[in-house]
Amino acid sequence: MQSKRLPILLFSILVIATCVLLFSTHSKKQNYILEGQVAFPEGSAVSLDVYVTQERGFPPDFSALHRVRTVQEGRFTTEYYAEVNVPIHFYVKKDGFTPVRHTLYPRSENGKFQRLSQPILFASLHEKLGSEHYYGDKGIPKLPTYGNKCGQTPDSHIPVNEIQYVENLSYISCPENTAPNLAGDIKTDKKLFLNTFFRQLPLGQVYNAASSLSEKRN
């Protein structure tokens with residue numbers, strides 16, 4: 001009789017342990033009230049799109065994400081249903097330009113009201129390559145990067161079409177307005193360039209620089 005009870009007891013323990021494990025690992029969610037501000041020194045910070053997600057990787061489709069638009073002084077407020085203790089990513093996106101990302105780590109003591117401690121700096125870094133941009137045999141435009149904040153000679157170049165977003169963006173003050181004037185973490189579809197210094201150039205200027213270099217070589 002006891003030999004029959006043992007398998008039943010073991011099975012019951014297994015079921016209980018499985019339930020405990022499932023409940024303990026199941027993600028807890030709650031509604032957050034998210035408040036923040038976007039600073040766009042080059043133009044109006046009003047009516048910019050801010051996308052909210054907890055996806056770790058770069059979103060393949062922004063239209064599927066939670067979205068809010070900035071209002072007066074670039075401020076935004078939105079309600080977002082999210083997993084607790086998981087980072088929340090904000091992407092500021094303007095059509096045709098590289099997105100800027102900011103990551104919020106919710107503080108439990110703030111409850112459902114979570115506010116960004118500082119504005120998200122947004123800049124029209126350079127245009128994204130599209131089907132309307134012809135570059136043919138002149139090569140893909142590349143963004144020059146520098147080894148120090150006020151360097152004059154590029155250390156390397158990042159193909160523009162590989163850049164996904166920039167995070168921790170900040171302006172750099174250099175004497176006599178020398179380049180580069182921006183710093184940040186540049187995420188490409190191949191790697192992450194941490195604390196990188198670079199110039200703020202529209203696509204045309206980056207492309208012309210690449211074209212001039214190609215013409216000189218020829």
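In this predicted model, F58 counts as partly exposed, with a relative accessibility of 29%, a value that falls between the 20% under which a residue is called buried and the 50% over which a residue is called exposed. Among the ring pairs of the structure, of which there are eight, one joins F58 to Y91: the ring centres lie 5.9 Å apart and the planes stand at 75°, so the pair is edge-to-face. Since F58 belongs to the loop between β2 (49-53) and β3, whereas Y91 belongs to strand β5 (residues 88-93), the pair ties together parts that are 33 residues apart in sequence.

Y165 is buried, its relative accessible area being 6%. Ring pairs link F58, Y91 and Y165, together with Y51 and F62, into a cluster, and K93 lies over the face of F62, at 5.4 Å from the ring centre.

From Y165 the reader can pass to the sheet. Strand β11 (residues 163-171) runs antiparallel to strand β12 (residues 182-188), and six bridges join the two; within this pairing, Y165 stands opposite K187 in β12. Both strands belong to an open sheet of nine strands with mixed pairing, whose order is β3-β2-β5-β6-β11-β12-β13-β9-β10. At the edges stand β3 (66-69) and β10 (156-159), each of which has a single partner strand, so one side of each is left without a neighbour in the sheet. From one strand to the next, the twist averages 40°.

A covalent link remains to be described. The structure holds one disulfide, formed by C150 and C174, whose sulfur atoms are 2.2 Å apart. The torsion about the S-S bond is about -100°, so the disulfide is left-handed. C150 lies in the loop between β9 (142-146) and β10, and C174 in the loop between β11 and β12, so the pair ties together parts that are 24 residues apart in sequence. As for accessibility, C150 is partly exposed, with a relative accessible area of 23%, whereas C174 is buried, with a relative accessible area of 12%.

Methods. Residues are numbered from 1 along each chain as its sequence is written. This is a predicted model: local features need pLDDT of at least 70, side-chain atom pairs count only at pLDDT 80 or more; totals for chains, interfaces and linings use all residues. Side-chain values use heavy atoms; hydrogens and water are left out. Two strands pair if DSSP finds at least two bridges between them. Helices (H or I, at least four residues) and strands (E, at least two) are DSSP runs, numbered from the N terminus. Axes are lines fitted to C-alpha atoms, for helices over the stretch in contact, and angles run from 0 to 180 degrees between N-to-C directions. A disulfide is a pair of cysteine sulfur atoms within 2.5 Å. Buried means under 20% relative accessible area, exposed over 50%, partly exposed in between (1.4 Å probe, protein chains only). Rings of Phe, Tyr and Trp (its six-membered ring) pair if their centres lie within 6.5 Å; planes under 30 degrees apart count as stacked, over 60 as edge-to-face and the rest as tilted. A charge sits over a ring if NZ of Lys or CZ of Arg is within 6 Å of the ring centre and within 35 degrees of the ring normal.
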